[in-house]
Amino acid sequence: MTTRRHFLLLLPAAALSWEYLMAGTPEAAPNFSENEHWWGMLLDIDKCIGCGNCVRACSTENQVPEGYFRTWVERYHIEDWQQETPQVDSPDGGKNGFPPSTAVGGKNFFVPKLCNHCVDSPCTQVCPVGATFHTKDGVVLVDEKYCLGCRYCIQACPYGCRFLHPTKKTAEKCSLCYHRITKGLTTACAENCPTGARQLADLKNPADPIHEYLKTHSVQVLKPHLATGAKMFYHDLDGSVR
Amino acid sequence: MKYDLGPLGAAHKIRHADPHGVYVTKFKDAEHLIRLAAVVLLGFLLLLVLRSQYIPKSFGEFGFYRGAALAEISSKPINYAGHQACEVCHSEVLEIKKAGKHAGVNCEACHGPLAKHADDPSAETLKLPDTAVLCARCHEANLAKPKTFPQVVSADHSGGQVCKTCHLPHSPLLQPAPVLQSGGKK
Amino acid sequence: MPVNGFMYPNEIELQWSVMIVVYPFVTGLVAGAFILASLERIFHVEAVKPTYRLALLTALSFLLVAPLPLQLHLGHPERSLEMYLTPHTTSAMAMFGFVYLWYLMAVILLEIWLEYRKEIVLLSQSSTGPKRWLYKALTLGSTNISEGALRVDDKVGWVVTLIGIPSAFLLHGYVGFIFGSIKANPWWSTPLMPVVFIFSAMVSGIAMVMLLYMAMMKIRKQPIDMRCVDTIAQYLFYTFILDFSLEMLDLIQRIYEADESFRSLDFMVHTKLYFSQVVLQIIIGTLVPLAALGVIQVFNIPEKIRRATYAIAGCLTIIGIFAMRWNVVIGGQLFSKSFLGYTTYKLNLISREGELISAALLILPFIILAVLMKILSPWPAETLSAEDGVSVAGAQ
């Protein structure tokens with residue numbers, strides 16, 4: 001037999017083994033490249049109506065256990081000039097909306113919260129085994145097969161966005177619906193927000209409206225003094241918000 | 001009995017107090033330490049073997065984490081199809097919605113997660129939500145809602161009637177809602 | 001779960017339980033006991049020599065128990081090997097795995113082995129049954145206990161103790177660092193945290209060895225070496241003053257600066273943490289023992305009363321240091337990071353991280369110590385009796 005025949009005989013074997021190798025690999029979206037994106041989100045306080053759709057949608061999309069929250073909504077009430085002592089409530093994370101306010105007058109508004117997918121996240125810094133990490137497109141994820149459940153990351157997060165899954169016993173938090181955004185969809189919370197208060201933003205995409213928005217509007221992040229590099233940008237976030 | 005060595009100058013002191021040079025550490029006197037070192041080395045080698053066996057193969061592929069986790073997370077099941085999927089088939093609803101106040105409200109915000117239905121329309125039928133509860137979630141008056149957002153105290157507003165009596169959910173104009181055909185697929 | 005005010009929804013449940021209180025308490029005792037041992041070896045405080053071997057064995061007993069509360073706490077203890085396989089170098093917790101291993105292998109076990117090698121070799125020849133095999137294994141096959149070999153042991157042991165001191169500081173200081181470096185939590189976040197942890201560890205370790213020595217001597221019906229115990233109590237007193245000063249410095253500075261977290265923390269200390277912090281840690285656990293030990297430094301107190309005082313002061317000190325760990329760990333999780341509310345810690349009696357387990361973990365080191373003392377006696381050969389249950393090396 002000639003060398004060429006030998007080679008041709010190898011091809012089907014190679015194809016079969018390649019098939020076998022790839023069989024275990026979940027299908028990623030075609031043409032999705034991590035390097036082309038840098039994810040963030042815009043949260044417009046002026047638009048949030050505290051309906052709780054986002055909390056319910058996230059809970060359904062990500063099978064979030066009852067009593068724990070990957071995202072939640074807080075209601076603020078500020079009496080006159082008392083910026084340092086707001087009255088805040090978040091009944092069941094705002095999952096079923098909010099009951100009528102008992103406090104009359106003052107300043108009232110809703111604040112949706114979620115993981116800030118910080119650039120300099122304290123949570124990934126403290127993870128002892130590399131179970132929580134940054135992707136190249138700026139999302140902080142948790143590897144539930146590798147997490148030990150030591151809870152150090154939960155302690156280190158200044159925003160209270162992490163929790164320990166009660167049955168999986170691993171740390172969990174908002175994943176920015178990574179399984180959706182890598183397929184061209186938006187996050188479950190943004191999809192279900194009726195007023196557009198939550199909008200996924202791709203900071204690396206020059207066509208994304210976020211760039212124009214950031215230029216023309218005043219934006220804030222939560223706890224800027226902790227220098228976490230938070231990428232959830234709030235519009236009209238009152239100074240009293242913790 | 002141990003020798004009392006004293007502060008750091010001890011070795012120096014002993015050497016001078018030991019004129020016959022007995023104080024020369026013979027190899028056999030330190031041999032037990034060599035044995036100990038061998039045991040430690042063995043332990044270290046064991047750890048290296050453990051490392052190669054138990055560290056997941058994809059660890060470090062993209063960063064300090066298990067590379068395979070990315071694919072695992074990306075392939076989690078999707079429950080909300082996204083409004084683009086609905087609009088493919090339900091374009092006539094989209095036409096009505098586009099013109100009204102609910103243009104920015106996505107389908108599943110009210111109709112719930114319908115990815116299964118989008119994949120196979122015959123499998124899961126559309127579940128119409130209860131308007132009395134559904135509409136109130138957004139439109140029941142609350143001090144914390146933005147002042148410009150349309151909100152009412154439903155007891156005063158409709159006197160107990162369900163919202164659908166006067167408002168068409170896809171385009172909430174204040175007029176009698178036309179009778180809807182069931183289904184609604186193109 | 002009762003919440004006062006507002007807490008972020010995920011904060012309501014405490015993350016680090018009493019297991020994480022027991023753990024620094026235990027490693028603190030390790031570090032403290034070792035420092036006491038080093039007093040004799042490095043700093044030539046001859047008076048405390050009777051407690052040298054006891055301190056080493058105490059350190060080992062507690063060191064062996066230290067990983068247990070952590071294993072009980074982890075969501076997936078079966079994955080804990082990951083910390084050695086893929087340690088994240090930016091994580092203080094990951095680096096601990098290696099500090100622990102270093103301290104266990106290169107400091108404590110090595111020092112004990114070198115200290116006891118002569119007895120081990122002699123016992124491997126004189127004992128019978130399974131004990132003989134144990135001692136034989138411990139000799140690592142070498143039976144050289146000549147003067148030259150013992151001199152080598154002594155020198156190397158001295159170096160090991162010397163290295164052991166910063167290692168002990170590292171072992172327990174890193175726990176303080178784990179808390180102190182969390183900027184998210186203002187109750188924990190302070191550069192003083194590792195220092196406070198180290199000094200309180202020394203206090204608890206010294207007190208523990210002092211108590212154990214007095215207790216063991218009583219049990220063995222041997223006279224207590226008062227010069228030894230008086231010296232230990234003196235070191236305890238001075239270390240305690242340093243520890244207390246550091247804690248007070250932290251407190252006073254906090255009150256003075258009154259940053260955004262202050263009002264919330266202040267309220268917490270006056271309400272939820274009042275008993276454990278003010279009553280148990282400060283008054284009963286620090287001021288009372290300090291006053292008692294201080295009186296003894298100034299006035300001439302008869303021996304019997306001194307002994308009783310040391311016993312009581314020692315016990316109160318241990319309780320106070322445990323309370324300190326509690327106040328740091330649990331206290332740091334009782335208030336909201338929004339500074340607008342508080343939650344409650346539900347400690348169950350029977351649970352994987354509950355009261356019974358905590359009690360068991362705190363008793364276990366003493367059981368281990370009892371076993372260790374039977375194998376490697378810390379007492380001078382001439383004072384050994386049948387009660388010690390140890391085969392006397394070289395006895396006919």
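Hi everyone, let me begin with two chains meeting: 38 residues of chain C are in contact with 49 residues of chain A, where contact means heavy atoms within 4.5 Å. A word on the source: this is a predicted model, in which local features need pLDDT of at least 70 and side-chain atom pairs count only at pLDDT 80 or more, while totals for chains, interfaces and linings use all residues. Residues are numbered from 1 along each chain as its sequence is written, and side-chain values use heavy atoms, without hydrogens and water.

Back to the interface. Chains C and A bury about 3500 Å² between them, 51% of it on carbon and sulfur atoms; that is the accessible area (1.4 Å probe) the two parts lose on being put together, summed over both.

How many salt bridges are there between chain C and chain A? The count is one, and it joins the side chains of Arg263(C) and Glu84(A) at 3.5 Å, N to O. The rule here is a side-chain nitrogen of Lys or Arg within 4 Å of a carboxyl oxygen of Asp or Glu.

Now for a helix, meaning a DSSP run of H or I with at least four residues, numbered from the N terminus. H8 of chain C, residues 192–219, has 28 residues and reaches 40 Å from first C-alpha to last, close to the 40 Å expected at 1.5 Å a residue; the expected span is 1.5 Å times one less than the number of residues. Because 24 of its 28 residues are buried, H8(C) is largely enclosed by the rest of the structure. Buried is under 20% relative accessible area (1.4 Å probe, protein chains only). Just after H8(C), Lys221(C) takes a positive phi of about 55 degrees. Thanks, everyone!

Technical notes:
Chains lettered and ligands numbered in written order. Helix = DSSP H or I, 4+ residues; strand = E, 2+ residues; numbered from the N terminus. Buried < 20%, exposed > 50% of the residue type's maximum accessible area, 1.4 Å probe, protein only.
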